[in-house]
Amino acid sequence: MYSDDPQFICRHLAEEAPNGYRYRFAWFTGYGKDLNWTCEDCAKSYPSAPEPWLPATKEWLAKNRDTIYWRGICGSPEIKHRQSGLSFSARDLELEDAPISFVDIRPVLGRPTCWQALSTTGRLVLFSTQETKILASVPLEDLGFEITGETGFCISPDNEFAVVSQASGPNAALVNVKTGKIISKLSRGDYHCENSHFPVAFFRNEDRTYLIAASDWNRLDLYDPATGKVLSERGPTCYVNKERPPHYLDYFHGGLCVSPDQQFVVDNGWVWHPMGFLRAWNLPAWLNNEWESEDGPTYRDLACREAWDEPVCWINNFTLASWGWGDEEWMVPAAVLIDVRDGKQLQWFPGPKVRMSGAWPPRRLTESFFFDQYLFAVHDNDGTTVWDIKSGDCLLTDPQVKPWRYHPDSKEFIEITQTGFRVSTLIDACAIE
Ligand SMILES: [Zn+2]
């Protein structure tokens, strides 16, 4: 049995279909995550329940699970709440002599309370929330594109390199964080580039830093960020003279997310018609096989639905939390936990609402899922909810806290505001006692 298999089915689904095609609706009973399956006609009668419900037996599921097509959802699962001693403590921060506004900010790993921010005027500003002061401010060389609300920004784990990208455009630049000089300019071409985040991420392997960036709609390359040299030279990944190349990948790469131990990367892209596909593969394996991102032995499909570039975060070194339960266009707000080593869904629970990225610009570039002991989900109107991932219980809702990023070393959430920054931390009253 799967964790989201039905308990009961309507009698029409139990019958053999004359033409072989059948559709099913997930019918939530309102008790926990309990759900049944119905046919389309019974779904139309919601909330009037079909009579009788028949048990969905193991044998019936084994025979029918993959041959009855998903068509929609009736009702909703129960969202559970539990009293907790959790609350947020927030403070607003203004930096003296800081540029007026920032487009994005990233934690400097290994340096608690230190953050690297990108200003709208093209400066990299390193500051500490503890000392409330700027530690370094460096102007960037001309990127060749404007810095706007659609500008992506990420830094390497050692804070040596940054990539500034057109999140919904074709161009990006790899820069030296200390000097602001451009190491190399990157491009993914303009074929449907507006429909997915510029794919870019850094990772570490055996004391070296690597950059992953898109060089075409369906191609990622590995780079040495110190020089900009391509480390994944290989044959063509697009048709040449109308001929399909070996290892051809019919997939638009999207936002990338590297596991805490730097072993896996998750790709949040899409395919025609359109459908979102979450994929994962192993990074050390990629260093030994230049085709690993196309069809290597460690490559796994994790989820398929009519949404992509939606929030994901790592629960541990091999478990990903991905937003949304369901399939295609029928989704309920939820967190789904997936093992990236085999692509299997481990668990899910309903409730977490997030900022949706959407398939068209302008899209949300801020993170909306964070994990540190609890899962944090951020929504623009509802603020932050905090979840126990074992029980699926909601432990706290704070409508005022809407962080963009999280610093794991100082356990600070940060949001860019009109006048500076808002820093929030989670307080556990039970832990203090
Ligand atoms: Zn029915």
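Helices (H or I, at least four residues) and strands (E, at least two) are DSSP runs, numbered from the N terminus. Residues are numbered from 1 along each chain as its sequence is written. This is a predicted model, in which local features need pLDDT of at least 70 and side-chain atom pairs count only at pLDDT 80 or more, while totals for chains, interfaces and linings use all residues.

Begin with D309, which sits in the loop between β22 (300-305) and β23 (312-314), and which has a positive phi of about 60 degrees although it is not a glycine. D309 counts as buried because it has 23 C-beta neighbours inside 10 Å; a residue is buried if 20 or more other C-beta atoms lie within 10 Å of its own, exposed if 12 or fewer, and partly exposed in between, with C-beta atoms placed from the backbone.

Next, select K411 in the loop between β31 (405-407) and β32 (412-416), where phi is also positive, near 50 degrees, in a residue other than glycine. K411 is partly exposed, with 14 other C-beta atoms within 10 Å.

Now select strand β20 (residues 264-271), which is largely enclosed by the rest of the structure because seven of its eight residues are buried. Two strands pair if DSSP finds at least two bridges between them. β20 runs antiparallel to strand β19 (residues 252-258), joined by five bridges, and antiparallel to strand β21 (residues 275-282), joined by eight bridges. Click on W270 in β20, which is the bridge partner of F252 and stands opposite G276 in β21.

Finally, go to the loop between α2 (40-44) and β4 (53-55), where P47 is found, and look at the cis peptide bond that joins Y46 and P47, with omega about 10 degrees.
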